[in-house]
Amino acid sequence: MTDAGTSAGPIDTGRPHSARMYDYYLGGKDNYPVDAEAAEQVISLFPAAREMARTNRAFMHRASRLLAERGVRQFLDIGTGIPTEPNLHQIVQRVAPQARVVYADNDPIVLRHAQALLHSTPEGKTAYVHGDVREPGKIIAAARETLDFTRPIALSLVALLHLVGDEDEPGRIVRALLEPLPSGSYLTLSHATGDFDPETWERVVEVYRKGGTAAQVRTRDEFSAFFTGLELVDPGVVPSARWHPGLGEQRDGDGGGEEMPLYVGVGRKP
């Protein structure tokens, strides 16, 4: 296991945490009453919240599988969340047993469960970094212990940037993470949007902000800006249901059902 140099600290059970709320949406058990209460507030506003979480997870599976099939053998997954099988390394190591994966998150409860992320194939390797995406340099420095930065790396920021407010300059963070990656690397993103129902998502964002999470949904144009300078993989920036649905399991809202307010995309560094 790799430590980015940031102490995990105690688990705060007095305020909801986005990773534990996400675990609740997915039907997990690694959450507390305060997380369940906040998640149920979101569900009361947006009843498809559970399905959206599963849809997002399915996109991560499809995108990771596609990149492994295209020859990528190194992955850096920031905002990992509480382990939920299959995890990213299980997806890509089925394609390429020698794949290396570094996970990063800043929630102490994720650190507590990180051992579940470290069951690599004998040919490959996995590591965990306890670090905050708002300090990209520390994450990159720790990832260098496992990944070879002279060869392509797939950077995954799935369902993360809508938890980073404009005050923390998410565009700058993405550029700082991409800058040390070599040509041929990829960026995988998903992001909640208020484009289809602005009023509902204003209220959802308020639930997160009251709990201390700097949530912020963004428009398609704002989301697309994160891919500036990259070559978008077909079909570009689209709602999750339209991104290579044939690559993996299909769910309602992710290949024929209701379309979720979730933009996704994968870009290649030229």
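A pocket here is an open set of points on a 1 Å grid over the protein atoms alone, with protein on both sides within 12 Å along at least five of seven lines, and lining residues have an atom within 4 Å of a point.

Quick housekeeping. This is a predicted model, where local features need pLDDT of at least 70 and side-chain atom pairs count only at pLDDT 80 or more, while totals for chains, interfaces and linings use all residues. Residues are numbered from 1 along each chain as its sequence is written, and side-chain values use heavy atoms, with hydrogens and water left out.

Now, what about cavities, meaning sets of points where a 1.4 Å probe fits but cannot get out? There's one cavity of 30 Å³ or more. The largest cavity has a volume of about 40 Å³, and among its lining residues are Ala63, Phe75, Leu88 and Thr188. Helix H3 and strand E4 (154-158) are the elements that give two or more residues to that lining. The lining splits into six nonpolar, three polar and no charged residues.

On to the rings. Rings of Phe, Tyr and Trp (its six-membered ring) pair if their centres lie within 6.5 Å; planes under 30 degrees apart are stacked, over 60 edge-to-face, the rest tilted. That gives five aromatic pairs. One of them is Phe59 with Trp243, edge-to-face at 5.3 Å centre to centre, with 85° between the planes. Phe59 sits in helix H3 (residues 49-69) and Trp243 in the loop between strands E7 (238-239) and E8 (262-268), 184 residues apart. Both Phe59 and Trp243 are buried, that is, under 20% relative accessible area, with exposed being over 50% and partly exposed in between (1.4 Å probe, protein chains only).

Then there's Phe196 with Tyr263: why edge-to-face? Because the planes are at 65°, with the centres 6.0 Å apart. Phe196, at 47% relative accessibility, counts as partly exposed, whereas Tyr263, at 5%, counts as buried. Ring pairs also link Phe196, Phe223, Phe227 and Tyr263 into a cluster.

Last one: Arg144 lies over the face of Phe149, 4.4 Å from the ring centre. The rule there is CZ of Arg (or NZ of Lys) within 6 Å of the ring centre and within 35 degrees of the ring normal.

Key. Helix = DSSP H or I, 4+ residues; strand = E, 2+ residues; numbered from the N terminus. Points joined across faces, edges and corners; volume = space filled by probe spheres on them. Nonpolar A, V, L, I, M, F, W, Y, C, P; charged D, E, K, R; others polar.
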